[in-house]
Amino acid sequence: MATSVAAPTDTRPKPRLSFWQIWNMSFGFLGIQFGFALQNANVSRIFETLGAKPDELAFFWLAAPLTGLLVQPIIGYLSDRTWSPRFGRRRPFFTVGAILASLALLLMPNASALWMAVGTLWLMDSSINISMEPFRALVGDLLPDEQRTMGFAAQTFFIGVGAVVASMLPYIFTNYLNVPNTAGPGEIPPSVRYAFYMGGAAFFGAVLWTVLRTREYPPEDLAAFEEEKRRTAGFVNGLRESFMGIFQMPQTMRQLAVVQFFSWLALFSLWIYTTQAVTAHVYHTSDTTSKLYNEGADWVGVCFAVYNGVSAVFALLLPFIARATSRRFTHMLCLIAGGLGLISIYLIQNPNFLLLSMVGVGIAWASILSVPYAMLAGSLPANKMGYYMGVFNFFIVIPQVVAGLILGWVTKHLFHDQSVYTLVFGGCSMILSGLLTLRVSDEGDARLPIGPPPLPEPGYDAPLQTDPRL
């Protein structure tokens, strides 16, 4: 069994890892993004099919972030304080999250009532975050500062690849495998059901690859590790330390929190309202049983695949751009591109041109998933890497809560149920977040070495490294 303990600060220098070591430690994100992509592209469609009204969609998405506010800091705190010679520090959490998320993916398309779908979204989102947050901390655990931008970019690459495939699955099943994409009132189309089944299998398999192919560093001083366990034992101590750290955030983290708030508010407007906006504004229908509506909903999956594909490719360029300019300037440009992409949807009537809008969104998505974490990791204490990564996720969850509380009212009363204006609002929010990036203090923002990493030199952790030939 892994033991819940508190890690002392690790002062050992970290060796540069090989290409395949970074590949293996990042591969699990391929599966995680299968879950997120299927959720983002299809959950509003499922809710509408089960009877949700447009102004209710944001509210029904609210359950998941409220759970996340509790789950994420606790998981980060516990993963920092866990060590087992056999299972490591982060890998037990990868495994548990993957099992629960895979089960949720199997349950979601079989929901027969709206309340069941909302409850399953709650389980799905929480379970995905149990796996995802320790993955962020793993980069800080294993990579030296000069490789962290590359490490988070590798995660973004797998996020993009996984999302491309997952987002297109309903379209592929319908157009290439002749699986029906329509069903009776209140029924989920077979193409969507099969997509979720495949996503559940991919999620578990990809995370299992990282669990089996990656080894973690032991605590530098096991005696100090055990002493900290005894000193901070108790449920009350755990809760206090899990939630009080938000008041002790480093300066860089506080500045990035504001950037994250506005960029993720924009993303949630995209995920919640794109299906309704595209089917109504471009396809001119709101009948969820019609062939035209379902064609539009499938095309939203293709659009999401495009922006994720762009992000996968653009993630490979981010270390080069950041080296030539700075991480702050790179993030600002990417967010402005994403904001303009969202705003441009209002001007489009031909569905094919939506793909051009998604290019801008994909550029922003690549940066959102990597650059803030690279800036953040260098400002965090090593013994609280997972915890602060969990706290940092508050500023993903909080904008989702705000979106759930206000976007439905704004869409109904200010935009008169025209969801396309909600996407324009999101675009403006993303541009604002880009401008706010220039206020961030990035102490580690240097013109760092780039290119394929060499094999690590022999050292204290050499026996623990993944075989680079795997």
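Predicted model: local features only at pLDDT ≥ 70, side-chain atom pairs only at ≥ 80, totals over all residues.
Which residues is Ser263 in contact with, leaving aside its neighbours within four places in sequence?

**Entry 1: Ser263**

I looked up the contacts and found Leu335, Ile368, Met430 and Ser433, once neighbours within four places in sequence are set aside. Ser263 itself sits in helix 11, which spans residues 251-281. I then checked accessibility: the relative accessible area of Ser263 is 0%, so I noted the residue as buried. For the side chain, I found a polar atom of Ser263 lying 3.2 Å from the backbone oxygen of Gln260.

**Entry 2: salt bridges**

How many salt bridges does the structure hold? I count three, and I went through them in turn.

I started with Asp298 and Arg45, whose closest N and O atoms are 2.9 Å apart in a salt bridge. Asp298 belongs to helix 12 (residues 291-324) and Arg45 to helix 2, so this pair ties together parts that lie 253 residues apart in sequence. I find both Asp298 and Arg45 buried.

Next I took Arg91 and Glu216, whose side chains form a salt bridge at 3.4 Å, N to O. Arg91 is in helix 5 (residues 91-107), while Glu216 is in the loop between helix 8 and helix 9 (222-231), so parts 125 residues apart in sequence are tied together by the pair. Are Arg91 and Glu216 buried or exposed? Both are buried.

My last pair was Glu295 and Lys291, a salt bridge with its closest N and O atoms 3.9 Å apart. I checked this one against the cut-off, because a salt bridge needs the side-chain nitrogen within 4 Å of a carboxyl oxygen. Both residues lie in helix 12, four residues apart, which is about one turn of the helix. A reminder to myself: residues three or four places apart point the same way, because an α-helix has 3.6 residues a turn. On accessibility, I get 35% for Glu295, so I wrote it down as partly exposed. Lys291 has a relative accessibility of 59% and therefore counts as exposed.

**Entry 3: helix 7 against helix 12**

Staying with helix 12, I looked at how it packs with helix 7. Their axes are 7 Å apart and the packing angle is about 160°. Helix 7 is therefore roughly antiparallel to helix 12, since angles over 145 degrees count that way. I also noted the hand of the crossing between helix 7 and helix 12, which is left-handed.

**Entry 4: what covers helix 1**

Which residues of helix 1 (residues 19-26) are buried? I listed Gln21, Ile22, Asn24, Met25 and Ser26. I then looked for what covers these residues, and the cover includes helix 2 (28-49), helix 6 (114-142), helix 7 (145-176) and helix 8 (190-213). Helix 2 also holds Arg45, and helix 7 is the partner of helix 12 from my previous entry.

**Entry 5: positive phi**

His416 has a positive phi of about 55° although it is not a glycine. His416 lies in the loop between helix 17 (394-414) and helix 18 (419-436). With a relative accessible area of 58%, His416 is exposed.

Asp417 is in the loop between helix 17 and helix 18. Its phi is positive as well, at about 65°, and Asp417 is not a glycine either. The relative accessible area of Asp417 is 33%, so I have it down as partly exposed.

Technical notes: Residues numbered from 1 in each chain as written. Heavy atoms only, no water. Buried < 20%, exposed > 50% of the residue type's maximum accessible area, 1.4 Å probe, protein only. Helix = DSSP H or I, 4+ residues; strand = E, 2+ residues; numbered from the N terminus. Contact = heavy atoms within 4.5 Å. Polar contact = N/O pair within 3.5 Å; in protein donor to acceptor, adjacent residues only side chain to side chain. Axes fitted to C-alpha atoms, helices over the stretch in contact; angles between N-to-C directions. Parallel < 35°, antiparallel > 145°, perpendicular 65-115°, else oblique. Left-handed = near helix turned anticlockwise from the far one by under 90°.
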